[in-house]
Amino acid sequence: MESIEIEMECEPLPKGNQKVCPFCESEYVHLDAVEELHPTDDYSAYRVTTSRTGASVSITSTAEPVKTSFRGNGVCLVQSCEEGHRWKEIHGFHKGFLFVDVQRLPDAEIEG
Ligand SMILES: [Zn+2]
C-alpha cells in the first residue's frame with residue numbers, strides 16, 4: 001500500500017490550553033480515535049473510524065449508515081482520561097450551524 005506523508009510545521013502549543021476531562025477535570029486526556037461521519041440525506045451517515053494502538057493504525061467503516069441528529073458532515077473525537085472516563089466530542093453540521101456535543105461512553109477498566 002502506498003503511504004502519504006504530510007509534513008506539518010507547528011509552533012509549540014500554548015501552555016494552559018490543555019483539554020480537561022469533562023467528568024473529573026483531569027488534564028491527562030488522550031485522543032483515542034477520530035470518526036468521520038459522511039452523511040446520507042436522511043439523518044444518518046457512514047462512520048469511518050481511524051484509531052491507533054501502538055504503531056498500528058486501523059481504519060474501519062460501518063457497512064450501513066448510523067443515525068445522526070444532523071444532516072451534514074460530522075467529526076467525532078473519541079477521548080479518554082487516565083481516570084478511566086471515556087467520551088465522544090461530536091461536531092455536526094446542520095442547516096448552516098456547526099453543533100458541538102459531548103456523549104459519555106462506558107468507563108474504561110483501570111488496572112491498578
Ligand atoms: Zn476523567
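Strand β2 and strand β4 (residues 66-67) pair in the antiparallel sense over two bridges. Strands here are DSSP runs of E with at least two residues, while helices are runs of H or I with at least four, and both are numbered from the N terminus. Two strands count as paired if DSSP finds at least two bridges between them. Within this pairing, S44 has K67 of β4 as its bridge partner.

Two notes on conventions come next. The model is predicted, so to speak for local features a pLDDT of at least 70 is needed, side-chain atom pairs count only at pLDDT 80 or more, and totals for chains, interfaces and linings use all residues. Residue numbers start from 1 along each chain as its sequence is written.

### Overall picture

The protein has zero helices and seven strands, in the order β-β-β-β-β-β-β along the sequence. Its C-alpha trace spans about 45 × 40 × 30 Å along the principal axes. Of the 112 residues, 10% are buried. For this label, a residue is buried if 20 or more other C-beta atoms lie within 10 Å of its own, exposed if 12 or fewer do, and partly exposed in between, with C-beta atoms placed from the backbone. Among contacts with a separation of 6 or more, 38% link residues 24 or more positions apart; a contact means that the two C-beta atoms, placed from the backbone, lie within 7 Å.

Let us start with the partners of β2. Strand β1 (residues 29-39) runs antiparallel to strand β2 (residues 44-53), and seven bridges connect them. Here L37 stands opposite R47 of β2. On β2 there is also a pairing with strand β3 (residues 56-61), again antiparallel, this time over six bridges. In that pairing T49 faces T60 of β3.

### Strands β5 to β7

Further along, strand β5 (residues 74-81) is joined to β6 by seven bridges in the antiparallel sense, with V75 opposite H91 of β6. β6 in turn pairs with β7 in the antiparallel sense, over nine bridges. F93 has L98 of β7 as its bridge partner there.

### The turns

| Hairpin | Residues between the strands | Residue and phi |
|---|---|---|
| β1 and β2 | four residues | Y43, about 55° |
| β2 and β3 | two residues | G54, about 60° |
| β5 and β6 | four residues | G84, near 100° |
| β6 and β7 | two residues | K95, about 50° |

Y43 has a phi near 55°, a positive value in a residue other than glycine. Y43 lies in the loop between β1 and β2. It is partly exposed because 13 other C-beta atoms lie within 10 Å.

K95 likewise is not a glycine, yet its phi is positive at about 50°. K95 sits in the loop between β6 (86-94) and β7 (97-105). K95 counts as exposed because it has 8 other C-beta atoms within 10 Å.
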